[in-house]
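Grab the model and work through these exercises with me. Each one sets a task and then walks through the solution.

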Amino acid sequence: MMIKAKSKKVEMLGNILLRATSLSEPQLQEALAIQSKEGGVLGDILIKKNYVSPPDLLKALCEQLDLPFLEDLKPNEIDAELVKDLPINYAKTKEVLPISKIISQTDASKTVTVVIAVGNPFNLSVIEDLRVFMGCRIDVVVSTPNRIQDAINRVYERATANMITDIQD
């Protein structure tokens, strides 16, 4: 999975935030001046100044990079079988959760794609690790780290309950 910007002209992050959040032009200019003087990442400066929230920044980055953003993960709709071989500590530490599996069949081949929710779409090594570990194509959607952690807890809880039921049967 490669993260690439849209082929058309990429809109500047500041412009997206001005349009999609309550960020004002003077606040953006102040943050840009700080960035110019002290260095750093614009998003981090805006969050530190409490001009934008982390979820709003993540949504804007997704828009800029043309990545799907999931506002709401639905843990009860995620098949617990998807996590049976993925250690919970890995999922929690890396903020990743398989949320669906897509099987595409043609006459000549079958392609399996697992859709993974990630909290950090820039952590390409985790995406590559999952591709190798799961042995299939990986598509990425982005959600907030808090929503991913909550979904991890609920999906793994169901997976454990299913495993206990299977043992008792």
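## Exercise 1: Salt bridges

Count the salt bridges in the whole structure, then look at a few pairs.

Searching the whole structure turns up eleven salt bridges, where a salt bridge is a side-chain nitrogen of Lys or Arg within 4 Å of a carboxyl oxygen of Asp or Glu. Before going on, note that this is a predicted model, where local features need pLDDT of at least 70, side-chain atom pairs count only at pLDDT 80 or more, and totals for chains, interfaces and linings use all residues. Residues are numbered from 1 along each chain as its sequence is written, and side-chain values use heavy atoms, with hydrogens and water left out.

Step 1. Take Arg19 and Glu11: they form a salt bridge, with the closest N and O atoms 2.8 Å apart. Arg19 is partly exposed at 47% relative accessible area (buried means under 20%, exposed over 50%, partly exposed in between, with a 1.4 Å probe and protein chains only). Glu11 is partly exposed too, at 32%.

Step 2. Now try Lys49 and Glu30, whose side chains meet in a salt bridge at 2.8 Å, N to O. Lys49 sits in the loop between helix H3 (42-48) and helix H4 (54-65), while Glu30 belongs to helix H2 (residues 25-38), so this pair ties together parts 19 residues apart in sequence. Helices here are DSSP runs (H or I, at least four residues), numbered from the N terminus.

Step 3. Finish with Asp150 and Arg154, a salt bridge with its closest N and O atoms 3.3 Å apart. Both residues lie in helix H7 (residues 145-168), four residues apart, or about one turn of the helix. Elsewhere, salt bridges with shared partners link Asp56, Lys59, Glu71 and Arg147 into one network.

## Exercise 2: A helix pair

Describe how H1 packs against H4.

Step 1. Two packed helices are described by the angle between their axes and the distance between the axes. For helix H1 (residues 13-20) and H4, the angle is about 120 degrees and the axes are 9 Å apart. Axes are lines fitted to C-alpha atoms over the stretch in contact, with angles running from 0 to 180 degrees between N-to-C directions.

Step 2. Which residues meet? Leu13, Ile16, Leu17 and Arg19 in H1 touch Asp56, Leu57, Ala60, Leu61, Glu63 and Gln64 in H4, contact meaning heavy atoms within 4.5 Å.

Definitions and conventions. Helices (H or I, at least four residues) and strands (E, at least two) are DSSP runs, numbered from the N terminus.
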